Amino acid sequence: MNDTPYWNPRHETMPRDQLEALQIRKLRNLVEWADIQVPWQSKRLRDAGVTADQINSLEDLRRIPLMTREEWMQGQVENPPFGPILAAPEEQAVRYHMTSGTTGKTPIRVLDSMKDWEWIAEMWCYGLWGFGIRPTDTVFVAFGYSTFIGFWGLHYACEKLGCLTLPGGAMTTEQRVKQIMDIGATVVASTPTYALRMAQEAKQLGIDLANGPVRRLILSGEPAGSIPATKKLIESEWGAKAGDTAGMTELGTIMIFECTEQPGGTHIIEDHYIEEVLDPDTAEPLPYGELGERVVTSFGRGFIPVLRYRTRDFVLKQPGSNCSCGRTFDLYDGGIRGRVDDMKLVRGTNVYPRAVEAIVREHAEIDEFQIHLFTEEGRRDEIELLVEIPDASIDTKHLISQLQKELAESHEGLRFGVSQVDNETLPRFELKAKRVLDERIVIGTEDELRGRA
Ligand SMILES: [Zn+2]
């Protein structure tokens, strides 16, 4: 095989007009199929006056009603356990998965067929191949292999590429680090947080990861893989290149990946998805370069047609030509930039956990951190950053005052308390780090507060 940088050279470099024609054709088929197979979708389309034969341009996409996570959940409650979304009989499914439920809500439950799993792996192949993973690689998957769909698709994609694939489930961090070294893994797949956790563990074990066999990391599960300071730290700790990807249980697989050019963003797999960026308040489309909410339409999953699903993810789209790799697939600059729901309102200032992480990760001396919100004297919102600084030779006083200054400067002068806590006292994460502890008496996202006002 010629070593092309693209998994699907024809589609990944297709001129935009041809790519859009392909999307329109696939969209028409998707609408027609959802209309026939899913009565619930059919009613939604009928109510909106949409039929497949009317879809002639990407503009027509906007006539299809948006779907929210709340509707999906409500459908599951009324029609347990899967809701009215399935396009095939349950007995045709081979696998059951559900969301990890970090938001504390009821999980979303999904089914897939064998054919769906082929597609799920195919999507991961775009990302793995695109980041330089080849059949000669040995891939260690640092993942818990549970009902969370996460890296299952990556595992199958690695096998599809012909890589030697190690399922690193049910192991301690120490065992994982040792296995990576023992087997000579050249690729490691994990969340960004867990990549850092393994690096800390290696240091304690006296293992020099940076001079070890690993040459690439595939990151997923959290948006931090595209935060420059976090990526830089992971790359220096591992002596390897780190590539970001992102997927969701609602789609079953990834929809974006970083290429070897590492342009500071992730390409959208646009021959299998249409990704829109909308104003989260008005649902109006936003042009390139403006931050908005991701809305996804997916062509590939046989069990669950997804039409204009509001993800609550913040993204900023740029043309694919901004990257030198030659792909025409558009980019999400900075990957997934956080979630609409992650935003915290503290004394009138918006605080995004991602922005705080971007500052913290500039200081490699900090091992782990937590953003703690609480109410002072029963009325005043306070925000403090708790940090672990294991190296006793560090001038912590200076570091803390430096952090306070940087945090205030990037948050309209909002004062952050910064406190050092004992090592290994903050929670550690394998999957979906949750570093915000909100103990305020009146807890609310900006949306909720707005609704209350
Ligand atoms: Zn690229």
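**A strand and the zinc site beside its loop**

Guide: Let's start with strand β12: 11 of its 13 residues are buried, so the rest of the structure largely encloses this strand. Here, buried means under 20% relative accessible area (1.4 Å probe, protein chains only), and a strand is a DSSP run of E, at least two residues, numbered from the N terminus. This is a predicted model, where local features need pLDDT of at least 70, side-chain atom pairs count only at pLDDT 80 or more, and totals for chains, interfaces and linings use all residues. Residues are numbered from 1 along each chain as its sequence is written, and side-chain values use heavy atoms, leaving out hydrogens and water.

Next come the neighbours of β12. Strand β11 (residues 291–298) pairs with β12 in the antiparallel sense, over 6 bridges; strands pair if DSSP finds at least two bridges between them. Y309 in β12 is the bridge partner of V296. β12 and β13 also run antiparallel, joined by 2 bridges, and Y332 in β13 stands opposite K317.

Now follow the chain to the zinc ion, which C259 (SG), H267 (NE2), C323 (SG) and C325 (SG) coordinate at 2.1 to 2.3 Å. Donors are N, O and S atoms within 2.8 Å of the metal (3.2 Å for Na, K and Ca). The angles between the 4 donor atoms are 101 to 119°, which makes the arrangement tetrahedral (all angles between 85 and 135 degrees). C323 sits in the loop between β12 (306–318) and β13 (331–333), and C259 in the loop between β8 (253–257) and β9 (265–268), so this pair ties together parts 64 residues apart in sequence. Both C259 and C323 are buried.

Conventions:
Four donors count as tetrahedral if all angles lie between 85 and 135 degrees; four count as square planar and six as octahedral if opposite donors are over 155 degrees apart and all others between 65 and 115; anything else is irregular. Helices (H or I, at least four residues) and strands (E, at least two) are DSSP runs, numbered from the N terminus. Buried means under 20% relative accessible area, exposed over 50%, partly exposed in between (1.4 Å probe, protein chains only).
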